[in-house]
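This briefing goes through a single chain by topic.

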Amino acid sequence: MKFIEMTGGTLIGALHEDELSPDELAKAGVNETTIVRINQQGDIEVRRPEGWDIIGGLIGDYEKRMQKASGLGWA
């Protein structure tokens with residue numbers, strides 16, 4: 001599966017109002033420097049010491065938004 005990785009701060013800046021809020025991300029352990037990744041299905045995954053946890057999802061035209069926000073393509 002391919003992903004786009006970014007920091008929590010980059011993700012927060014790219015979210016739409018109808019997606020996870022910064023408060024919801026904070027409750028899931030995401031802050032400005034947390035490593036997160038988005039898969040091609042729109043799942044948001046956060047890096048934990050022992051692996052990755054899915055904490056939510058994106059809707060709409062997230063592919064282009066995440067590529068623009070991160071400056072990265074799917075890898």
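A residue counts as buried at under 20% relative accessible area, as exposed at over 50%, and as partly exposed in between, using a 1.4 Å probe and protein chains only. By that scale Leu25 is buried, at 0% relative accessibility. The model is predicted: local features need pLDDT of at least 70, side-chain atom pairs count only at pLDDT 80 or more, and totals for chains, interfaces and linings use all residues. Residues are numbered from 1 along each chain as its sequence is written, and side-chain values use heavy atoms, with hydrogens and water left out.

**Sheet**

- Helices (H or I, at least four residues) and strands (E, at least two) are DSSP runs numbered from the N terminus, and two strands pair if DSSP finds at least two bridges between them.
- The sheet is open and has four strands in the order β1-β2-β3-β4, with antiparallel pairing.
- Its edges are β1 and β4 (51-57), each of which pairs on one side only.
- From one strand to the next the twist averages 30°, where axes are lines fitted to C-alpha atoms (for helices over the stretch in contact) and angles run from 0 to 180 degrees between N-to-C directions.
- Strands of a sheet pair through backbone hydrogen bonds, either parallel or antiparallel.

**Strand pairs and hairpins**

- β2 and β3 (residues 43-48) run antiparallel and are joined by three bridges.
- Across this pair, Ile38 is opposite Ile44 in β3, and Val36 is opposite Val46 in β3.
- The hairpin of β2 and β3 has three residues between the strands, and Gly42 in the turn has a positive phi of about 95°.
- Six bridges pair β3 with β4 in the antiparallel sense.
- In this second pair, Asp43 faces Gly57 in β4, and Arg47 faces Trp52 in β4.
- β3 and β4 also form a hairpin, with two residues between them.

**Helix α3**

- Tyr62, Arg65 and Met66 are the buried residues of α3 (residues 62-70).
- They lie on the same side of α3 because they cover an arc of only 95° around the axis, the arc being that of the directions from the helix axis to the C-beta atoms.
- On the other side of α3, Lys64 and Lys68 are exposed.
- The buried residues of α3 pack against β1 (3-7), α1 (8-14) and β2 (35-39), with contact meaning heavy atoms within 4.5 Å.
- α3 lies across β1 and β2, and runs at about 50° to β1.
- Gly71 follows α3 and has a positive phi, near 75°.

- Leu25 is in helix α2 (residues 22-27).
- Not counting residues up to four places away in sequence, Leu25 touches Leu11, Ile12, Leu15, Leu20, Val30 and Ile55.
- Leu25 and Ala14 are eleven residues apart in sequence, and their C-alpha atoms are 13 Å apart in space.
- Gly13 belongs to helix α1 and is exposed, with a relative accessible area of 68%.
- From Gly13 to Glu32, 19 residues apart along the chain, the C-alpha separation is 10.0 Å.
- Ile59 is in the loop between β4 and α3 and counts as partly exposed, at 42% relative accessibility.
- Asp18, Glu19 and Arg65 are in contact with Ile59, leaving aside its neighbours within four places in sequence.
- Ile59 and Leu15 are 44 residues apart along the chain, with 9.4 Å between their C-alpha atoms.

**Rings and charges**

- A charge sits over a ring if NZ of Lys or CZ of Arg is within 6 Å of the ring centre and within 35 degrees of the ring normal.
- Arg37 lies over the face of Phe3, at 3.7 Å from the ring centre.
- The charged end of Arg37 also sits over the ring of Trp52, 4.0 Å from its centre.
- Zero aromatic pairs are found in a search of the whole structure; rings of Phe, Tyr and Trp (its six-membered ring) pair if their centres lie within 6.5 Å, with planes under 30 degrees apart counted as stacked, over 60 as edge-to-face and the rest as tilted.
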